[in-house]
Amino acid sequence: MRREVTVVCRCNDVTREDILKAIEMGIDDFELLRKYLRLGFGPCQGRSCVMIAARIFARAKGKSVEEVLSNYRVRPPIVPVPAKYFARGLKP
Amino acid sequence: MRVLVVGAGISGLFVARELALRGVKDVTVVDSGYPGGGATLRNLGCFRSSFTSPEHVVLIKESIREWLRLRDEMGLSLEQRGYLWVARKPETLEGFRKLTEFHHQFGVPTRLVDADEVRLLEPRLNARVVVGAMFDPTAGRMPIIENFVKLYLEVKRLGVRVVPYTRVTRLVPRGSRVTAAETSRGPVEADAFVVAAGGDSRDILATVGVDVPITDVPRHPYVTEPYAETLRPALIIDWDTPGSPHVSQNEHGSFVLARDLEDAPRVSIYSHRADAIPHILKPLRELLPLLSGVNVLRYWMGYYDMTPDHHPIYGPVEPYENLYVAAGFSGHGMMMGPVTGKLIASWILDGRPHIDVARNLTLERFKTGRLVKELAVIG
């Protein structure tokens, strides 16, 4: 069993400790860190993890959350959509 | 010697790495955004040397050799699971056969495979539409983010200064030399300048009167949720459908789908195209029926920085003595990264590229009209 870990991203099982370790490794940009740890890459699209991760990163680097998130973009679709619904949209 | 590299993508960082390894003490890389934020972290991470010009084949074959060496040296990840170009029409196979002959001249072991062997290479392909294929066993794919982050950290360890969120607004010439770059955070002086900024290279070099024929062409990839079912080849290409729709599966199990669609160049990076999904998916799910049941997870956009002959622009920028370019990769910048680093570093430090054929790819070719010729074009 894992002891004393705080799960930040439930889609990809990323913890607060993973984030701090990545910062320690030298990843000094939030977008790079987010992509490296795949925060926001799961089906929740970052709704549960990105704000928390941004706050951890901002605190560690002495930056504002707003600055840390300035390059974050939400990608469509907002929720996973079965591919067949898209294929239907094509005119014959 | 002080070198300023403009662009902290895969090309800029490999140039910086090579310069640092060769003893250049003062290397700075600036980027208008975050490292890798352009085409580098937006592409599919697929690589092959089975191209249709000697320039591409020779340089990318060497680049793949270098990637494999770096896999051991820097702990990178990549897999050579092959590219499979699938033919729906029997006449396409003759084109594939000619192409394999061309590749064999350069030691690239592509081969023509019949419908039975296609079933062995990927049993889930729809046997009713597939008549045969061309297979390149040396092609593959890599987890781009992981490899790029490792490169970024190594470059910083080597003492290179990487300065993000710093836009170059103008290069400052004096006579036959560039003396400084004006940036959003003030001027940076250097002894040599390398512009490796994708499509932005055009605007940066225009400030010193140099015309760089690069067009930003939007691309629209989609990624699905992860699935346990695993595709055997690194990339499957539906060759007989316009825009050659293609599908890859990343190391997490997600399928990545894309197709070359007609699009307006230089549209906003936020111009999403919802219609891209059906256009990409319709031919691919006919080819690979398992794609009918997948969930689309995410869509993003990126640019191919296209040149008129779809080959990169490398080397010195005349009439300046200390200005170099590495841009216009036309969708191949990631796979060419390591060779790009060595070429530009050898141009700067030795006065000539370490691989001779790269001389055919200088900016000069657009003035003389000696564009790269594709020797084996199929279809």
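Two strands are taken to pair if DSSP finds at least two bridges between them, and the strands themselves are DSSP runs (E, at least two residues), as helices are (H or I, at least four), numbered from the N terminus. With that in hand, three bridges join strand β15 (residues 235-238) of chain B to β16(B), the two running antiparallel. The model discussed here is predicted: local features need pLDDT of at least 70, side-chain atom pairs count only at pLDDT 80 or more, and totals for chains, interfaces and linings use all residues. Residues are numbered from 1 along each chain as its sequence is written, while chains are lettered from A and ligands numbered from 1 in the order in which they are written.

Buried here stands for 20 or more other C-beta atoms within 10 Å of the residue's own, exposed for 12 or fewer, and partly exposed for the range in between, with C-beta atoms placed from the backbone.

Chain B is divided into domain 1 (2-44 + 145-216 + 307-368) and domain 2 (83-137 + 221-300), with bounds that come from an automatic or database domain assignment. The C-alpha centres of the two domains of chain B lie 31 Å apart. Their contact takes four residues from domain 1 of chain B and seven residues from domain 2 of chain B, where residues are in contact if their C-beta atoms, placed from the backbone, lie within 7 Å. The domain 1 side of this contact in chain B has one nonpolar, one polar and two charged residues. In these classes Ala, Val, Leu, Ile, Met, Phe, Trp, Tyr, Cys and Pro count as nonpolar, Asp, Glu, Lys and Arg as charged, and the others, Gly among them, as polar.

Two further sheets of chain B can be described. An open sheet of six strands has the order β8-β2-β1-β12-β21-β20 (chain B), with mixed pairing; its edge strands, β8 (161-163) and β20 (313-316) of chain B, each pair on one side only. Neighbouring strands of this sheet are turned by 15° against each other on average, direction ignored. Strand β12 (residues 192-195) of chain B pairs with strand β21 (residues 323-327) of chain B in the parallel sense over three bridges, and B:F193 stands opposite B:L323 in β21(B). Helix α8 (residues 333-350) of chain B packs on the sheet, touching β1 (2-6), β12, β20 and β21 of chain B, and its direction makes about 170° with that of β21(B). Such axes are lines fitted to C-alpha atoms, for helices over the stretch in contact, and angles run from 0 to 180 degrees between N-to-C directions. The other open sheet has three strands in the order β9-β10-β11 (chain B), with antiparallel pairing, and the twist averages 25° from one strand to the next. There, strand β10 (residues 177-183) of chain B and β11(B) share four bridges, and B:T183 stands opposite B:G186.

A nonpolar core is a set of buried Ala, Val, Leu, Ile, Met, Phe, Trp, Tyr and Cys residues joined through C-beta atoms within 7 Å. Of the 135 residues in the largest such core, B:V6, B:V86 and B:V194 touch the most other members. Helix α8(B) gives the largest share, nine residues. Not counting residues up to four places away in sequence, the residues touched by B:V6 include B:V30, B:V168, B:V194 and B:I204.

Between the chains, the contact takes 27 residues from chain B and 22 residues from chain A. On the side of chain B that touches chain A, α5 (144-157), α7 (276-287) and β18 (295-299) of chain B each supply at least two residues. Strand β3 (residues 81-82) of chain A is joined to β18(B) by two bridges in the antiparallel sense, with A:V81 opposite B:V296.

Conventions. Two residues are in contact if their C-beta atoms, placed from the backbone, lie within 7 Å.
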